[in-house]
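These entries record what I looked up in the structure shown below. I kept them in the order in which I worked.

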Amino acid sequence: MAKKKINVKFSYDSPVVLTFAIITVVMYFLNAFVLQKNGIDVKLLSPTSQNGANPFVFSSIKCYLNLITYPFVNNDFSFAIFNSIILIFLGMQMEEKYGSVIILVMILISVIFAGVLNACFSVQSLQGIQPVIFMLIILNLINASQKKKISTSLLLVLVLYTILNIIPLKNALLGIISIAGGLCGSLISFLAQPKKNAPKKEQKIVEKSKPQEKQKTSSDDDETIVGTLSF
């Protein structure tokens, strides 16, 4: 009997979410072993209010760049991995629904808006992808409410992640700012039109090919029956 070849294809199905998660983990190791030793990590943190350690300066290009660089600064390994897992878990389905460009726009709006709020009201710098996580949680809730079916697991993720970011009183304001940034980014979903679902097309192609397969199998069965007749 001829051996059947098994063809397995790997697809980079959610490029924005997966790339963002990979960069987050890679940046943690760079921060831990390279950037932190040279003091570069502090230069990537978000700007703060005028009373903070990193006040926003309107004439400084660095301050504007820091509005999008701070998500890649993480000092806690477990929290960086935890954020990356939740990012992939919640983001892949949303990227499949809205498309990579729309999700990228939502991420940038969430990050920038949270950074601007932090520069206005907080004396502490933001770090990590918390605004993006909150954006995806809210986006999933909006998607679930449109289907009139909200899962308990999604609510638990929202409650636990909110508690994790707000319960430490010293980080309460940063948590609220992250939620506000995520809320702002998720509002784009009301303006964006979900892309057409590609898997449905694939299903139609498979369904069309099924009758041909049945004809082949039936013809094969007829041949085997004739071959077993004895006179």
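**Entry 1: aromatic pairs**

I began with the rings and found ten aromatic pairs in the structure. I took rings of Phe, Tyr and Trp (its six-membered ring) as paired if their centres lie within 6.5 Å, with planes under 30 degrees apart counted as stacked, over 60 as edge-to-face and the rest as tilted. Y28 and F29 form an edge-to-face pair, at 5.4 Å centre to centre and 75 degrees between the planes. I then looked up the accessibility of both residues, where buried means under 20% relative accessible area, exposed over 50% and partly exposed in between (1.4 Å probe, protein chains only). Y28 is buried, at a relative accessible area of 14%, whereas F29 is partly exposed, at 37%.

I noted F134 and Y161 as another edge-to-face pair, with 5.1 Å between the centres and 70 degrees between the planes. This pair links distant parts of the chain, since F134 sits in helix α6 (residues 130–146) and Y161 in helix α7 (residues 152–166), 27 residues apart. F134 and Y161 are both buried. Ring pairs also join Y28, F29, F33 and F77 into a cluster.

**Entry 2: provenance and overall layout**

I record here that the model is predicted: local features need pLDDT of at least 70, side-chain atom pairs count only at pLDDT 80 or more, and totals for chains, interfaces and linings use all residues. Residues are numbered from 1 along each chain as its sequence is written, and side-chain values use heavy atoms, with hydrogens and water left out.

The protein chain has nine helices and zero strands; I took helices (H or I, at least four residues) and strands (E, at least two) as DSSP runs, numbered from the N terminus. Buried residues account for 37% of the 231 residues in the protein chain. I defined contact as heavy atoms within 4.5 Å. Of the contacts in the protein chain with a separation of 6 or more, 77% are between residues 24 or more positions apart. The protein chain exposes about 14900 Å², of which carbon and sulfur atoms supply 67%; the areas come from the Shrake-Rupley method with a 1.4 Å probe, and for residues only the protein chains shown count as cover.

**Entry 3: the largest nonpolar core**

I counted as a nonpolar core a set of buried Ala, Val, Leu, Ile, Met, Phe, Trp, Tyr and Cys residues joined through side-chain atoms within 4.5 Å. The largest nonpolar core holds 36 residues, and L87, I103, I107 and V132 have the most contacts inside it. At least two residues of this core come from each of α1, α4, α5 (100–121), α6, α7 and α8 (172–186). Which helix gives the most to this core? It is α6, with eight residues.

Neighbours within four places in sequence aside, L87 is in contact with V17, F20, A21, M92, I129, V132, I133 and L136. I133 lies in helix α6 and is buried, with a relative accessible area of 0%. Residues up to four places away not counted, I133 touches N83, I86, L87 and Y161.

Is S84 buried or exposed? S84, in helix α4 (residues 77–98), counts as buried at 5% relative accessibility. Beyond its neighbours within four places in sequence, S84 is in contact with A21, T24, V25 and I129.

S110 is in helix α5 and counts as buried at 0% relative accessibility. Its contacts, again leaving aside neighbours within four places, are Y70, P131, M135, G181, G182 and G185. S110 and S178 are 68 residues apart in sequence and 8.1 Å apart in space, C-alpha to C-alpha.

**Entry 4: surface and loop**

I found a nonpolar patch on the surface formed by Y12, I22, V26, F29, L30, F33, V34 and F77, with about 740 Å² of accessible area together. Patches are made of residues with over 30% relative accessible area and no salt bridge, like charges being joined within 9 Å and nonpolar side chains (Val, Leu, Ile, Met, Phe, Trp, Tyr) within 5 Å. A salt bridge is a side-chain nitrogen of Lys or Arg within 4 Å of a carboxyl oxygen of Asp or Glu. Helix α1 (residues 15–38) supplies the largest share of the patch, six residues. Y12 lies in the segment before α1 and is partly exposed, at 48%.

Last, I looked up K148, in the loop between α6 and α7. Phi of K148 is near 60 degrees, a positive value in a residue other than glycine. K148 is exposed, with a relative accessible area of 78%.
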